[in-house]
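Look at the structure first, then read on.

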Amino acid sequence: MVPTPITVRVPAKLNLHLSVGDSRSDGYHELVTVFQALSLVDEITIRTAEEPGLDVRGEGAEVTPTGVDNLAWRAVTELARHCGRDPENPGVRVSLNKGIPVAGGMGGGSADAAATLLALNSLWRLEMGREELAEVAGRLGSDVPFALQGGTALGTGRGERLVPVLARHTYHWVIAMNEEGLRTPDVYGELDRLRQTSSNRVGDVEPVLEALASGDPRELALLLGNDLQAAAVSLRPVLRRTLRAGVDAGALAGIVSGSGPTCAFLCTDEEAAVRVAAELSGAGVCRTVRVAQGPVPGARLVGDDKADRPTPPQVHA
Ligand SMILES: C[C@@](CO)(OP(=O)(O)O)[C@H](O)COP(=O)(O)OP(=O)(O)OC[C@H]1O[C@@H](n2ccc(N)nc2=O)[C@H](O)[C@@H]1O
Ligand SMILES: Nc1ncnc2c1ncn2[C@@H]1O[C@H](COP(=O)(O)OP(=O)(O)O)[C@@H](O)[C@H]1O
């Protein structure tokens, strides 16, 4: 009997705190980061198919690779290898429905890789535990293990070593997507270049963890920090205007998400977020504005109760 197709929903991530250390000998930077999973999601369906392949629709589909470079496909071949199947002929078709902006600093490709691992674990009845999945995930990219785990977490190493963080509150975010993405390695490279002349760095992570435990968004707003922000703004100067416009519209604070160029604005509550989103969408400083909440769970099979959440409202700029 042909197995039933498996659908997985997987969240975007935001770095509430991103402290970048020096460049390592393997080309990666040592990080201390606080990830939060947001209610902006991709959906992936994987089915058994004689003709393998991958198709993409949704947000940024036209600029998403559909061949072996797609991170979801890399996850298929990596997992096939891991469990002794033929990576050249895995016998599956992957359909991606993207809601996470491509190359936006929100970990969309990593999310798709994580979702693929979870879907194949079920489709191929591998019965791998979360730990084994996380180990394969780490080989696919620094952000992939977090997309499996979700919630709020402290990431160290190159971002793949995770410890869950207590977050007492649902935070309300406005997400401003840019016209065109930024390449993560370019942004790290720009940071290295800027650091030859400037030594600005975000503070310690402990106050951020304390603010999360307190649950007060005003406290957290004062502590949001991202070492890659200056580099992203240097490569995409319009982001300075975007960040200012969100705060002018009433957000508590704004931050570039990871390597950018997406900006995220923390608001006091859901109502405030909808107001900020409406005003920002008229300001002409970004392509699309969305409202999102965090933390949400990591990759989940659709059909599991908690995965069936409503799609967040969307405002077009
Ligand atoms: C910046 C962050 C923040 O969470 O995410 P994005 O904003 O891109 O989504 C991550 O560090 C990105 O993680 P991810 O996108 O998984 O990166 P990887 O595929 O592992 O690495 C891509 C490239 O980014 C650089 N890189 C990545 C992670 C790290 N700790 N140091 C680095 O210097 C390296 O140049 C590497 O070759
Ligand atoms: N499934 C995927 N979704 C999005 N981008 C992908 C995917 N697979 C490969 N990519 C490539 O990865 C790059 C980074 O995309 P993404 O993960 O969305 O951004 P970021 O690393 O900024 O969070 C893109 O430029 C794209 O070419």
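The lining of the largest pocket divides into 18 nonpolar, 18 polar and 8 charged residues. Here Ala, Val, Leu, Ile, Met, Phe, Trp, Tyr, Cys and Pro count as nonpolar, Asp, Glu, Lys and Arg as charged, and the others, Gly among them, as polar. This is a predicted model: local features need pLDDT of at least 70, side-chain atom pairs count only at pLDDT 80 or more, and totals for chains, interfaces and linings use all residues. Residues are numbered from 1 along each chain as its sequence is written, and side-chain values use heavy atoms, without hydrogens and water.

The largest pocket has a volume of about 1,200 Å³. A pocket is an open set of points on a 1 Å grid where a 1.4 Å probe fits, with protein on both sides within 12 Å along at least five of seven lines; lining residues have an atom within 4 Å of a point. Of its 44 lining residues, L71, S110, D143, T184 and P185 are the closest to the centre.

Each of domain 1 (6–165) and domain 2 (171–294) gives at least three residues to this lining. The bounds come from an automatic or database domain assignment.

| Domain 1 | 31 residues |

The domain centres, taken over C-alpha atoms, lie 23 Å apart. Between domain 1 and domain 2 there are 3 salt bridges (a side-chain nitrogen of Lys or Arg within 4 Å of a carboxyl oxygen of Asp or Glu). R201 and D22 form a salt bridge through their side chains, at 3.4 Å from N to O.

Methods
Chains lettered and ligands numbered in written order. Points joined across faces, edges and corners; volume = space filled by probe spheres on them. Contact = heavy atoms within 4.5 Å.
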